Amino acid sequence: MNNRTRLRLLLLLAAMLVVGCLSGCRSAEWREYRLFCGQSFDNGTKEVTPEEWERFCDEVVAPEFPDGFTVCDASGRWLQEGEIPVREKTKILLIFAPDSRQTRDAVERIATRYRARFQQESVLIVRQDVEVEFNTGED
């Protein structure tokens, strides 16, 4: 092997090590989960009350994510049966957690239980890889 080939192999190896370290030396990958939970049920004749929502969070969400989650109020709009515009109050449940099979399963359990409890056709789940930093004021 000549010096030129040896140099190319060393550069290739160095590049592979840098890329491997950048992708593998960081802490756990984090993911943001957003669950869009419509507040109307029983064919639009009832709405989830604040007490029912809090009970759901206490009984279902908090046990799955005891480290915390965030809830935002929103107003949604969608087409029922592809042609009837529907407006609906919505709760957006935000969860930030290290990505794992356990986390993904917990999110699915929450969506499934919400659909069942409040007669929902679906719960929109948005998953996105994120970079997370907890600013504690310490260096």
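Trainee: Which residues have the most contacts inside the largest nonpolar core?

Mentor: In this predicted model, they are Leu35, Phe56, Ile95, Ile110 and Tyr114, and the core has 22 residues.

Trainee: Let me pick one residue. What is Ile110 in contact with, leaving aside neighbours within four places in sequence?

Mentor: Ile110 meets Leu35, Phe56, Val60, Val61, Glu64, Phe65, Leu93 and Ile95. Of these, Leu35, Phe56 and Ile95 are also on the list of residues with the most contacts inside the core.

Trainee: On to the rings. How many aromatic pairs does a search of the whole structure find?

Mentor: Seven. One of them is edge-to-face: Trp30 and Phe134, at 5.9 Å centre to centre, with 65° between the planes. That pair links distant parts of the chain, with Trp30 in strand β1 and Phe134 in the segment after β6 (124-130), 104 residues apart.

Trainee: Is Phe134 buried or exposed?

Mentor: Exposed, at a relative accessible area of 61%. Now look at Tyr114 and Phe118: their ring centres are 4.9 Å apart and their planes sit at 45°, so that pair counts as tilted. Here both partners are buried, Tyr114 with a relative accessible area of 1% and Phe118 with 3%.

Trainee: Which residues form one aromatic cluster?

Mentor: Tyr114 and Phe118 belong to it, together with Phe41, Trp53 and Phe56.

Trainee: What about cysteines? How many disulfides turn up?

Mentor: First the general idea: a disulfide is a covalent bond between the sulfur atoms of two cysteines. A search of the whole structure finds zero.

Trainee: What does Thr90 touch, not counting residues up to four places away in sequence?

Mentor: Both of those cysteines, Cys37 and Cys72, are among its contacts, as are Phe36, Gly38, Gln39, Asp73, Ala74 and Gly76. Thr90 lies in strand β5 and counts as buried at 10% relative accessibility.

Methods
Residues are numbered from 1 along each chain as its sequence is written. This is a predicted model: local features need pLDDT of at least 70, side-chain atom pairs count only at pLDDT 80 or more; totals for chains, interfaces and linings use all residues. Side-chain values use heavy atoms; hydrogens and water are left out. A disulfide is a pair of cysteine sulfur atoms within 2.5 Å. A nonpolar core is a set of buried Ala, Val, Leu, Ile, Met, Phe, Trp, Tyr and Cys residues joined through side-chain atoms within 4.5 Å. Buried means under 20% relative accessible area, exposed over 50%, partly exposed in between (1.4 Å probe, protein chains only). Contact means heavy atoms within 4.5 Å. Rings of Phe, Tyr and Trp (its six-membered ring) pair if their centres lie within 6.5 Å; planes under 30 degrees apart count as stacked, over 60 as edge-to-face and the rest as tilted. Helices (H or I, at least four residues) and strands (E, at least two) are DSSP runs, numbered from the N terminus.
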